[in-house]
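Hello,

Here is the structure you will be working with.

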Amino acid sequence: MSNRTLILDSILHQYLLDQSLREHPQQAALREATRAHPLARMQSSPEQGELMQLLVKLMGARLTLEIGVFTGYSALTVALALPPDGRVLACDLSTEYTALGLPFWERAGVAGKIELVLGPALATLDARLGRGEGGSYDFAFIDADKPNYDNYYERCLQLLRPGGLIAIDNVLWSGRVARPAELDPDTAALRTLNAKLHHDERVDLAMVPIGDGLTLARKR
Ligand code: SAM
Ligand code: CA
């Protein structure tokens, strides 16, 4: 027994997956198809996907944002948890990565719920704010370029309704955020955002040590 979070070795991690995952066959197939990709480590973990599905369902979310799609695992995962009229506004720069995911979205029957917008995510979010969509989204997943995380967070706060949830990925950054000697731009951006969120009175907060660390921030 322990009053601190367990460190999962590979045996315990596999046990957790074996005893909890309820993936749709297309989620498993997309993970398998991405496994050989040189950037496969960018894909969210399935246990994290499962947590996000539960949160989205608990909230009764309908309109969601995804910033950073890659091959589409997290977009697929969230879309599967949404009601039939639910939507994921999925933002990414890359046609190449996102094209890999589309057939899996289609086979899972959720392609119609995912609006993929290619281009810099900040411009997409600003355009949506400009169209008067502020306050209308229920859930956002931030998982793109780390130096822009704070910008994405601020835009998401505007786009979400009160009570909406922002999930921010990679906040523990393989432990680098806690090592002061690590000063590269990605680590510095995550460290600065973590410190800002700790005392941000606009949100309720939990930093969850799942995957590479997932911060959950509920807009007050
Ligand atoms: N959420 C994805 C998943 O579960 O598989 C992983 C996303 S991956 C960590 C980050 C993605 O952010 C990449 O696909 C990359 O093309 C995209 N990206 C990087 N900079 C971006 C930007 N400025 N605007 C939009 N997308 C960006
Ligand atoms: Ca990530």
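The shell of residues around ligand 1 divides into 10 nonpolar, 6 polar and 3 charged. Please keep in mind that this is a predicted model.

In total, 19 residues surround ligand 1. The closest of them are Ser 44, Gly 68, Ser 74, Asp 92 and Asp 143.

- Asp 92 has a polar side-chain atom 2.7 Å from an oxygen atom of ligand 1.
- Ser 74 also uses its side chain: one of its polar atoms lies 2.8 Å from a nitrogen atom of ligand 1.
- With Gly 68 the backbone is involved, as an N or O atom there lies 2.9 Å from a nitrogen atom of ligand 1.

How much of ligand 1 does the protein cover? On its own, ligand 1 has 610 Å² of accessible area, and the protein covers 90% of that. The largest pocket is the space that ligand 1 takes.

Now to the chain as a whole. The protein chain contains 8 helices and 7 strands. Along the principal axes, its C-alpha atoms fill a box of roughly 45 × 40 × 35 Å. What radius of gyration would a compact globule with 220 residues have? The value would be near 17 Å, and the protein chain has 17 Å, so the two agree.

Regards

Conventions: Residues are numbered from 1 along each chain as its sequence is written. Chains are lettered from A and ligands numbered from 1 in the order in which they are written. This is a predicted model: local features need pLDDT of at least 70, side-chain atom pairs count only at pLDDT 80 or more; totals for chains, interfaces and linings use all residues. Side-chain values use heavy atoms; hydrogens and water are left out. A residue is near a molecule or strand if one of its heavy atoms lies within 4 Å of it. A polar contact is a pair of N or O atoms within 3.5 Å; within protein, one must be able to donate a hydrogen and the other to accept it, and residues adjacent in sequence count only if both atoms are side-chain atoms. Accessible areas come from the Shrake-Rupley method with a 1.4 Å probe; for residues, only the protein chains shown count as cover. On a 1 Å grid over the protein atoms alone, a cavity is a set of points where a 1.4 Å probe fits but cannot get out, and a pocket is an open set with protein on both sides within 12 Å along at least five of seven lines; lining residues have an atom within 4 Å of a point. A molecule sits in a cavity or pocket if more than half of its atoms lie within 2 Å of its grid points. Ala, Val, Leu, Ile, Met, Phe, Trp, Tyr, Cys and Pro count as nonpolar, Asp, Glu, Lys and Arg as charged, and the others, Gly among them, as polar. Helices (H or I, at least four residues) and strands (E, at least two) are DSSP runs, numbered from the N terminus. The radius of gyration is taken over C-alpha atoms; the globule rule is 2.2 Å times the number of residues to the power 0.38.
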